[in-house]
Amino acid sequence: MKNPSDALKKLNRSVASITKWLPHEQIPWVIAGPCSAESPRQMLATAKGLVKCPYVKVFRAGIWKPRTRPNTFEGVGAIGLDWLGRVKAETGLMTATEVANTEHVELCLKRGIDILWIGARTTVSPFSVQEIANALLGVDIPVMVKNPINADLGLWLGAIERLLDAGIRKIAAIHRGFSTYVETEFRNQPNWQIPVELKRRLPNLPLICDPSHITGNRQLIEPVSQMALDLGIQGLMIECHNHPGEALSDARQQITPRELCRMINRLHARDTTLTDREVKRHIARLRTEISHVDAQIIENLAERMKWVEEIGRLKQEHNVPVLQLTRWESLLGDHLAKAEMAGLDPDFIKALFELIHAQAIKRQL
Ligand code: PEP
Ligand code: MN
């Protein structure tokens, strides 16, 4: 297929609706369970707590754990499949676990795991994703694909495409944030624009937010879950443990089933099918205003670049370097002061003008 947008449309058409594999009555639908399977007792106690929350439809637990450092807890291995089987038999919850290679896939298929997911450290490797896709040829099982650790939409899309090419139709993407070297309040940066762009390219693809791995901190799970719902994301994957503080992995980000249930009840799910005609008209009016301002911004940027090119010619004629650091610093300082007065986030204005400045330099070279 020559046109990339035709290829995307074809991929999008092949994605099954979430209702085909994860029946739910309300939004958000929730996948919950411990970061890692640790013991049958921990699994059953957690699952019995979770099944009381009607939003929870799937029990998750990692049994093969990809850990950053060796000699840490790397999961209980295949024995955890038995424990997942017991959870299903005793609570009726569907079960899900992470797979990273052919052997994992085959064991899960043999033992009746309902849903598989590919972890962030695996999505980065096309070889591994292809190996998993090959092991799934001709198999009808739902697969959820976590975003790669690095902020690379292409890798995420590529992994989804490999699975779709292998005939997997019941597929979803999990947004778990992206690692950075800067210390922030989050363990992994949400970079919301990336899942939003994924959804724009593949509108049929169900999107799930994993606030546990985004935040790495149980205190922040609720606001990030709400943010996901505000963006129209309808599924959540949340790590829960019957004794979170004692968890063998990711102890800081796990919550009890009870805390989960209370939190979900406080969240506001957004209605994606707006029926009130007056509100619809009002939204349309506001959208017109916003589009008008956007058009002005584009015209202003074009005008700015015209002056930039003129100054560039002058600098060249007079042998002046293009980059004038003192001018750039004073400009940025002025803009940040103005932004603060206008109630705009200084980090946003800084990032915006860094982009504009980089473009202006390019135009002068
Ligand atoms: C997990 O969900 O347990 C996990 C390891 O997550 P991620 O692949 O997002 O790091
Ligand atoms: Mn985890």
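Search this whole structure for aromatic pairs and you find one. The rings of Trp156 and Phe178 have centres 6.5 Å apart and planes at 75°, so the pair is edge-to-face. Keep in mind that you're looking at a predicted model.

**The aromatic pair**
- Where do the two partners sit? Trp156 is in helix α7 (residues 153-165), while Phe178 is in the loop between β6 (171-175) and α8 (193-201), so the pair ties together parts that are 22 residues apart in sequence.
- Why does the pair count as edge-to-face?
- Trp156 counts as buried because its relative accessibility is 0%.
- Phe178 is buried too, as its relative accessible area is 1%.

**Strand β4 and its neighbours**
- Take a look at β4, which covers residues 115-118: Ile115 and Trp117 point one way, Leu116 and Ile118 point the other way, and all of them are buried.
- On one side of the pairing story is strand β3 (residues 94-98), which pairs with β4 in the parallel sense over three bridges.
- Within that pairing, Thr97 stands opposite Leu116 of β4.
- How do you get from β3 to β4? Together with helix α4 (residues 102-110), the two strands make a right-handed β-α-β unit.
- Strand β5 (residues 143-146) also runs parallel to β4, and three bridges join them.
- Trp117 has its bridge partner in β5, namely Met144.

**A tucked-away glycine**
- Gly62 belongs to the loop between β2 (56-60) and α3 (79-91).
- Is Gly62 buried or exposed? Its relative accessible area is 0%, so Gly62 is buried.
- Now compare sequence with space: Gly62 and Pro34 are 28 residues apart along the chain, yet their C-alpha atoms are 7.4 Å apart.

- Leu274, Val279 and Ile283 make a nonpolar surface patch of about 200 Å².
- One of these residues, Ile283, has its place in helix α12 (residues 277-317).
- Ile283 counts as partly exposed because its relative accessibility is 31%, and that label covers values between 20% and 50%.

How values were computed: Residues are numbered from 1 along each chain as its sequence is written. Chains are lettered from A and ligands numbered from 1 in the order in which they are written. This is a predicted model: local features need pLDDT of at least 70, side-chain atom pairs count only at pLDDT 80 or more; totals for chains, interfaces and linings use all residues. Side-chain values use heavy atoms; hydrogens and water are left out. Patches are made of residues with over 30% relative accessible area and no salt bridge: like charges are joined within 9 Å, nonpolar side chains (Val, Leu, Ile, Met, Phe, Trp, Tyr) within 5 Å. Accessible areas come from the Shrake-Rupley method with a 1.4 Å probe; for residues, only the protein chains shown count as cover. A salt bridge is a side-chain nitrogen of Lys or Arg within 4 Å of a carboxyl oxygen of Asp or Glu. Helices (H or I, at least four residues) and strands (E, at least two) are DSSP runs, numbered from the N terminus. Buried means under 20% relative accessible area, exposed over 50%, partly exposed in between (1.4 Å probe, protein chains only). Two strands pair if DSSP finds at least two bridges between them. A crossover is right-handed if, with the strands pointing away from the viewer, the path from the first strand over the helix to the second runs clockwise. Rings of Phe, Tyr and Trp (its six-membered ring) pair if their centres lie within 6.5 Å; planes under 30 degrees apart count as stacked, over 60 as edge-to-face and the rest as tilted.
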